Amino acid sequence: MYRVATRVPRIPLRPGGSYPWMRPRRPPQRCGLGAFSTVEAAAVEQTAARAGLRGKSLTMATLNPQVKAVEYAVRGPIVMKAGDLEREMQQGVKQPFAEVIRANIGDAHAMGQQPITFLRQVVALCCFPELMHSPAFPEDAKQRARRVLQDCGGHSVGSYSASQGVDCIRRDVADYITRRDRGVPSDWSDVYLTTGASDGIMSILKLLVSGQGPSRTGVMIPIPQYPLYSAAISELEAVQVNYYLDEANCWALDTEELQRAHRAAKQHCQPRVLCIINPGNPTGQVQSKKCIEEVLHFAREENLFVMADEVYQDNVYSADCRFHSFKKVLFEMGPEYFNSVELVSFHSTSKGYTGECGFRGGYMEVLNMDPQVKAQLVKLLSVRLCPPVSGQAAMDVIVNPPREHEPSYAQFTKEKNTVLDSLAHKARLTEQILNSVPGIKCNPVQGAMYAFPQIYIPPAAVEEAESLSLAPDMFYCLKLLEETGICVVPGSGFGQRQGTYHFRMTILPSPDKLQILLQKLKEFHLHFLEEYSQAEPQMSSSNPEQPSHNLWRTGSGRGQRRLSSFGPPWRLLFFGSDNFAVESLKLLTSSRSSNEGIVGSLEVVTLSGDAPVKRFAQQHKLPLQTWPPQKVEGRFDVGVVVSFGCLLPESLLNKFPQFDVGPILSQELHPVPQHCTADMLGAALACKGAHLLMETLGTLSDKAAHQKEQSKIGATFAPKIRTSMSWIVWEEQTCSQIDCLYRAIGSRIPLRTTWMGRTIKLLDFTGKCHISLSDHGRNPVPGSDGWVGFKAVLLKKRLTAADFYNGYLHRTGQGAFVSRTSSPARLLRDSTVS
């Protein structure tokens with residue numbers, strides 16, 4: 001049993017210093033109004049005016065409040081701290097690392113990627129035409145440079161171009177889009193060259209934002225998102241409408257989630273814009289064609305303007321994925337879609353295989369925009385005169401690369417494939433290593449340039465972060481930077497579901513440096529978990545003051561057979577099958593590969609079939625046996641069972657000196673958070689249980705000497721989960737009871753009810769609903785204590801609540817769900833089934 005302990009909050013300090021924004025400081029000597037808050041500045045300004053003193057015109061009091069609201073995590077406090085560390089190291093300050101590794105931003109050349117030769121040759125020729133006479137430059141590069149210069153004023157890239165861009169480059173972009181989309185026509189007059197994709201995105205949003213109050217433009221953006229979107233929305237005073245990507249389904253885009261977000265937003269704004277990032281940043285997913293079709297259908301139904309951020313269209317690494325442009329899918333959906341849905345797509349020189357971030361080249365293609373609005377767009381673009389012409393020339397090379405018959409083709413193709421093959425290798429490497437770390441889960445990096453893993457942060461670390469007024473993942477990333485020199489961006493800067501924590505890291509460092517980065521990250525995370533797991537308050541069974549909330553126990557026990565005084569390293573046989581067991585196997589595997597001296601050898605027993613434990617064992621080349629195991633006796637010191645799925649016979653248990661059954665050796669209490677589902681709780685307990693297992697194995701002999709029988713006082717015995725549990729009894733169960741039932745079994749067995757004698761499965765529970773009895777003449781609902789909502793049902797097929805109403809309830813006039821042997825619960829005509 002863990003002993004009762006009191007933890008003194010700690011502030012994470014690096015040797016010789018501390019985080020300047022975390023410690024009390026004596027205010028420095030201040031000049032003017034710079035150090036005052038907005039209120040202080042206004043007061044001082046008024047005092048100065050009364051005294052006849054001249055103050056500054058621009059102060060924090062007079063600064064545009066929308067500028068203050070802008071946040072851009074990619075270059076936020078973490079990155080500024082990394083810069084401080086680099087400057088200190090240059091001045092001779094010692095750090096516990098040799099260099100700062102910047103994995104915060106997709107800047108390929110800063111990470112060591114070499115430029116594409118042909119692109120640099122064309123831009124060099126455009127910038128310095130005297131090189132046209134040099135034999136060092138191939139003829140196809142010279143031809144492209146001459147063509148660009150011919151369309152430039154004075155035949156110089158130093159002149160302004162048209163605000164829409166150089167005409168010949170716009171034509172090349174249109175030809176490229178037609179080739180990419182296999183013949184779908186592109187009109188060059190719909191193409192606008194931009195200063196990177198960001199300039200185009202900002203320009204389009206400026207056109208779209210209007211209205212006041214409930215009519216103010218709402219912009220739907222994915223969560224997680226690229227912070228450009230939230231920053232632009234803040235600057236323009238639009239309304240941010242979040243829709244959440246499905247992390248459990250490889251960050252897929254769910255149209256039901258779009259409908260939920262749209263429906264909720266209509267209560268306080270007018271959603272008019274739908275933004276999609278494909279491939280995803282920061283999530284790295286590649287959306288399927290079917291998903292894109294559903295999104296475009298939704299956009300047409302709701303009359304939304306679609307903004308498709310496709311800057312990573314060349315960055316697709318998974319063999320099962322393919323990039324589908326929104327324009328091509330829209331064309332294939334037929335004229336009623338292609339001629340009506342307003343769509344703008346964006347591309348850039350900064351990503352892909354070129355990584356030319358500094359040239360700030362990009363384009364956007366605008367479809368189905370009102371001609372009068374198009375004229376306003378040209379006016380808006382003319383205010384910033386034109387994009388950098390050298391960046392336009394770089395964009396031209398991307399859309400008009402060397403052809404097969406041209407002299408630069410072979411070298412260009414080799415360099416392009418080398419970059420993309422290396423990125424694909426690093427995407428797989430990143431996913432593999434991150435998923436080998438206990439407490440880290442990373443979806444496949446299907447595309448783009450980033451991984452966005454979910455990390456487990458122990459409650460003690462969350463508590464310490466909150467005491468410092470930091471988001472928990474910001475706290476984690478600051479400690480990572482201070483202790484390892486690795487600079488990543490906390491997931492809170494991109495948005496994430498409440499209660500989850502992530503960070504974004506780029507896969508751009510060289511393979512050798514990426515391997516070092518990932519290994520250091522792995523070691524840091526294991527140390528972080530160990531530090532803050534030990535720091536958590538622990539409770540003794542003799543403590544008379546039990547917490548008032550529900551608790552689950554995670555423990556490690558053993559039988560009373562052959563207690564031994566021998567110690568590690570242990571020869572282990574591990575029994576497990578599902579993802580819960582994988583977390584423990586990760587730690588055991590890591591221990592075997594380290595110098596901890598706990599695990600000497602490790603073999604795995606699992607069930608037949610494609611079990612997660614089996615896949616992990618094969619991936620890490622662990623000796624693997626299929627149940628039942630053979631030749632066990634005398635070969636192992638300890639047997640460990642974690643979520644195996646089969647009862648082990650006594651004859652097998654007796655073949656081990658130590659086995660994970662019987663009296664309790666170690667135990668820890670774990671609070672169950674409010675609104676926690678069985679799946680969420682399982683993930684937390686899997687990680688915590690794995691660490692408790694390792695701690696037990698490290699001192700097994702001592703713990704065996706202090707074992708204790710499990711008390712039956714306060715213990716509950718959960719019944720086997722059966723389908724019959726899923727039936728709702730409307731007149732008996734309260735909203736809270738239905739909520740508990742859904743959180744307990746809903747992910748495995750859908751809740752059920754009866755409608756017109758037919759079984760209905762209720763999906764996507766939304767919780768207790770507060771419904772006005774006079775709302776649109778809707779009838780009150782007889783029930784236990786209120787309403788509960790579901791976003792979808794399963795009858796013959798899955799239907800949204802709205803589709804179920806329109807297709808069945810409205811047509812039949814029968815609006816009641818009933819228990820199998822009881823009175824009805826009426827339904828409201830709403831977008832949720834209640």
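**Close-up 1. Just past the end of helix α10, Asn-303 has a positive phi.** The angle here is about 55°. This is a predicted model, where local features need pLDDT of at least 70, side-chain atom pairs count only at pLDDT 80 or more, and totals for chains, interfaces and linings use all residues. Residues are numbered from 1 along each chain as its sequence is written, and side-chain values use heavy atoms, with hydrogens and water left out.

**Close-up 2. Helix α10 takes in residues 289-302.** Helices here are DSSP runs (H or I, at least four residues), strands are E runs of at least two, and both are numbered from the N terminus. From first C-alpha to last, the 14 residues of α10 reach 20 Å, close to the 20 Å expected at 1.5 Å a residue (1.5 Å times one less than the number of residues).

Close-up 3. Cys-291, Ile-292, Val-295, Leu-296, Phe-298 and Ala-299 are buried. They span an arc of only 155° around the axis, so they sit on the same side of α10; the arc is that of the directions from the helix axis to the C-beta atoms. Over on the other side, Lys-290 and Glu-301 are exposed. Buried means under 20% relative accessible area, exposed over 50%, partly exposed in between (1.4 Å probe, protein chains only).

Close-up 4. Leaving aside neighbours within four places in sequence, Ile-204 is in contact (heavy atoms within 4.5 Å) with Phe-305, Met-307, Val-344, Phe-346, Met-364, Met-369 and Leu-377.
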